[in-house]
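Please take them point by point.

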Amino acid sequence: MKGHVVVVGAGVVGLTTALQLLLDGIPASQITVVAKDLSADTVSCVAGALWESPPYQMEANPTAVQWCATTLHILTQLSRDHPDAGIHIVPSFTTSGTLLETNVDAKNACTSYIEWETPAAANALLRRAGVPELGDKFRYFQSYDAPVAAMDVYLDWLNAELRRRGVVVRQAEVTDLWARAGPNTVVVNCTGLAAHAYDSNVYPCKGQVVRVHAPWVRAAILDMDSGAYMIPRPNGDLICGGTSENDVWDLTVESHVTEAILRKCTAVLPSIANARVLGVRTGHRPNRRGGVRLEAEASAHGGYVVHNYGHGGSGLCCSWGTAIDASKLVRTSLARMGHGAPRSKL
């Protein structure tokens with residue numbers, strides 16, 4: 001009997017993992033994706049979705065930076081080979097009025113990484129990106145080219161790729177992962193925040209973002225002094241953030257928070273003062289004390305559960321790196337149950 005793989009979760013981590021399983025040679029007929037919430041209703045669809053390293057607010061993990069580097073490589077490939085995937089490359093500027101410590105992880109991953117003190121010839125980068133006023137407001141800069149995902153487009157693309165390759169995505173709730181992992185079955189746990197039901201280290205981190213229309217801004221901006229960030233979209237929209245509230249379950253949009261975000265971002269980039277506000281959204285980053293849980297666990301029902309959750313605000317940044325490692329664990333688990341592990345297609 002052939003083994004079956006059930007991926008639980010349809011956010012960016014679950015969909016990427018399912019696609020990686022296919023790329024590693026597991027037939028589509030043996031893979032099912034099941035999720036209580038389909039992609040459009042997951043926190044992945046709210047994310048600012050800017051690649052960065054080290055990963056945002058992720059607790060120390062010896063392989064997290066490598067996951068980021070792997071994901072950078074694949075997202076960059078997708079931006080070139082699949083323009084319909086919603087991935088584009090933008091300059092990403094980190095600003096401060098005080099000396100910035102070199103971002104060693106980003107420098108090692110990105111050949112485009114530079115840092116400078118204004119005024120400098122590198123200020124031309126700001127002009128080309130439509131944000132010349134940053135040179136008047138800040139003294140210290142870091143810059144590198146980074147992938148950004150329009151998450152609604154990217155999630156649709158991932159879903160379409162799975163459908164095209166024959167994988168079924170079903171909306172249903174799996175209440176017991178271990179019971180589902182019966183004989184000849186590997187369950188891949190990509191449930192994100194829902195894992196708090198059985199892992200006390202998982203907790204919500206509420207974030208609120210404001211979308212404005214500012215087509216002249218062609219760069220991502222992170223101000224280390226105020227915590228403000230702005231992330232552009234190909235359609236000219238700009239995601240402004242943000243907030244970070246641990247252990248807050250209430251997802252109500254708060255008008256005073258919206259005002260504070262816009263005030264903070266306008267202080268960094270005055271040109272967006274008159275940008276039209278298009279909407280405000282909130283979401284829960286699925287944080288985990290101890291970082292990502294990525295391991296295989298035998299089920300008392302005869303199969304295995306492979307855990308791949310706890311990415312916090314770095315689901316996109318680490319998605320392909322953790323998917324590759326999760327796929328290895330799945331194939332090892334199948335082999336332990338007597339099913340020969342397929343050879344990778346890559």
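Predicted model: local features only at pLDDT ≥ 70, side-chain atom pairs only at ≥ 80, totals over all residues.

Which residues in H2 meet which residues in H9?

1. From H2 come Ala 64, Trp 67, Cys 68, Thr 70, Thr 71, Ile 74, Leu 75 and Leu 78, and they meet Leu 316, Cys 317, Cys 318, Ser 319, Trp 320, Gly 321, Thr 322, Ile 324 and Asp 325 in H9.

2. As to the geometry of the pair, the axes of helix H2 (residues 64-81) and helix H9 (residues 315-336) come within 6 Å and cross at roughly 100 degrees. Because angles of 65 to 115 degrees count as roughly perpendicular, H2 is described as roughly perpendicular to H9.

3. Turning to the strands, six of them form an open sheet with mixed pairing, in the order E6-E2-E1-E7-E15-E14. Strand E6 (168-171) and strand E14 (293-298) are the edge strands, each pairing on one side only, and from one strand to the next the twist averages 20 degrees.

4. Within that sheet, strand E2 (residues 31-35) pairs with E6 in the parallel sense over four bridges, and Ala 35 stands opposite Gln 171 in E6.

5. Leaving aside residues up to four places away in sequence, Thr 191 touches Val 8 and Tyr 198.

Methods
Residues numbered from 1 in each chain as written. Heavy atoms only, no water. Pairing = 2+ DSSP bridges. Helix = DSSP H or I, 4+ residues; strand = E, 2+ residues; numbered from the N terminus. Axes fitted to C-alpha atoms, helices over the stretch in contact; angles between N-to-C directions. Parallel < 35°, antiparallel > 145°, perpendicular 65-115°, else oblique. Contact = heavy atoms within 4.5 Å.
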